[in-house]
Amino acid sequence: MPQPHRIILDCDPGHDDATAILMAAKHPAIDLLGITTVHGNQTLAKTTRNALNVVQYLGLDVKVYRGLEHPMVIPNRPVEERVHGDSGLDGPVFAELTREIEDKHAVQYIIETLLASDGDITLVPTGPLTNIAMAMRLEPKIIGKIKGVVLMGGSYQLGNVTPAAEFNIWADGEAAHVVFNSGVKVTMMGLDITRKVLVLPHVLERMAKHDNPAGKLFTDMMGFFNLSQKRTFGWEGAPLHDPTTIAYLIDPSVITVKHMRTDIDLGSEASYGRTNCDIFGMSEKEKNSDVAVDVDVEKFWDIVEECIKLYG
C-alpha cells in the first residue's frame, strides 16, 4: 500500500471547495494535514466560516487557518456571489458554529509545516494562489520542500470570469505568476476538464442515495449550486471544479495531463489572468507545468461516491 499523499488544502469555500474538503478528509490515499483559507469565492471572513462549518458538520479532526484577504498587487476582485450565494456556501443549513479558527496565520502555518517536513507535502490550492505565493516570497527555503502543487485554476481554452481568464487566476495573477515560475512541479486542473464533470441530475440522485452526513451535505450544496450555475452559465449541472485535484491525487489515471509551458498574462487589461498554455510546444521556454487535458468522467464520479461512502 503506497503512503498517503500528505497535503495542505488551501481553499476559498465555495461549494466545490467544500466537496474537496469532504473527499480529502477521509480517503486513505490522502493525509489532510490542515486547511488554509483565502479571499476568493467570498470574503475571507465568509470563506473561513464556511471551512469551519464544513469541518464541524462532517466531524473532522482537522485545523483551519485563516490566510490573506487581499491579492498581492491588484485590488480585491468582486466575489462570486452569483454562483455561491451571499454566504459563499448557500444551500446547506449549518448548526451554530462552535469550531474555532487557529491563532496562527495560514501563511506562517504553511511555512512552518513545510520547513519541518521531509519534502513530502503537496500543496493543493483550490482558490486564488495568494497564500502559496506569499509563503514562497516570505520564506524561499520552502520551495525546495514542496513535493508539488496540484491546483484548480486556469484554462488553455476559455475563461469563466472573462473570455480569457478563469476566476482563481484572475483573482490574483501575480500570485499565479510566482507559483508557476517557482521551480516547483505544478499540476493544473483547468476549466478544460472541470467543465466535463457536471453534477447532472442523475449524478445528484446517485449521491443522494447515501444516507450519511457527506451524502446530505453534497446533496444540499449541489441543489443550490446547480440552480445558480444554470442561471449564470446555462449548465444542466454544476461543474465540480475543485475536487478534480483530490480525485487526481487519489487516482492519477482519472485525469490525463500534458507537460508544457504555462505563462500568466499580467500585462493585458482584456486578458489579465489568462493561463497561456503552450499545448503545441511552440515556445523554447522551459516547461513548467502538467496541464490537465482530459478526464474520465465516470471514474471521477466513482471516486466522489467512494469518498461519500466513507462517512458511514
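**A residue and its surroundings**

Modeller: Let us begin with Thr-126, which is buried, with a relative accessible area of 0%; please keep in mind that this is a predicted model.

Biologist: Where is the place of Thr-126 in the chain?

Modeller: Thr-126 lies in a loop, the one that runs between strand S4 (121-125) and helix H5 (130-138).

Biologist: And which side chain does the side chain of Thr-126 make a polar contact with?

Modeller: That partner is Asp-17, whose side chain makes a polar contact with the side chain of Thr-126 at 2.8 Å.

Biologist: Which residues does Thr-126 touch, not counting those up to four places away in sequence?

Modeller: With those sequence neighbours left out, Thr-126 touches Leu-9, Asp-10, Cys-11, Asp-12 and Asp-17, and also Met-152, Asn-168, Asp-242 and Thr-245. One of these, Thr-245, is also among the buried residues of H11.

Biologist: OK, H11 then: how many of its residues are buried?

Modeller: In helix H11 (residues 243-250), 8 of the 8 residues are buried, so the helix is largely enclosed by the rest of the structure. The buried set includes Pro-243, Tyr-248 and Ile-250.

Biologist: Switching to the sheet, in what order do the strands come?

Modeller: The open sheet has 8 strands in the order S3-S2-S1-S4-S5-S6-S12-S9, with mixed pairing. Its edge strands, each pairing on one side only, are S3 (64-66) and S9 (255-260), and neighbouring strands are turned by 25° against each other on average, direction ignored.

Biologist: Which helix packs on the sheet, and what does it touch?

Modeller: Helix H7 (residues 173-180) packs there, touching strand S5 (146-152), strand S6 (186-189) and strand S12 (289-295), and its direction makes about 135° with that of S6.

Biologist: Back at S3, is its pairing with S2 parallel or antiparallel?

Modeller: Strand S2 (residues 30-37) pairs with S3 in the parallel sense over 3 bridges, and Thr-36 stands opposite Tyr-65 in S3.

Biologist: New topic, at what angle do H2 and H10 pack?

Modeller: Helix H2 (residues 44-58) packs with helix H10 (residues 213-233) at about 145°, and their axes are 9 Å apart. Val-54, Tyr-57 and Leu-58 from H2 meet Pro-213, Ala-214, Lys-216 and Leu-217 from H10, a contact whose residues divide into 6 nonpolar, no polar and 1 charged.

Biologist: Last one, which residues does the UniProt domain annotation cover?

Modeller: The unreviewed UniProt entry annotates residues 7-302 as "domain: Inosine/uridine-preferring nucleoside hydrolase". Over residues 7-302 the chain is 37% helix and 19% strand, with the end C-alpha atoms 22 Å apart.

Notes: Residues numbered from 1 in each chain as written. Predicted model: local features only at pLDDT ≥ 70, side-chain atom pairs only at ≥ 80, totals over all residues. Heavy atoms only, no water. Pairing = 2+ DSSP bridges. Helix = DSSP H or I, 4+ residues; strand = E, 2+ residues; numbered from the N terminus. Axes fitted to C-alpha atoms, helices over the stretch in contact; angles between N-to-C directions. Contact = heavy atoms within 4.5 Å. UniProt positions renumbered as here; feature names shortened; annotations may be inferred. Nonpolar A, V, L, I, M, F, W, Y, C, P; charged D, E, K, R; others polar. Buried < 20%, exposed > 50% of the residue type's maximum accessible area, 1.4 Å probe, protein only. Polar contact = N/O pair within 3.5 Å; in protein donor to acceptor, adjacent residues only side chain to side chain.
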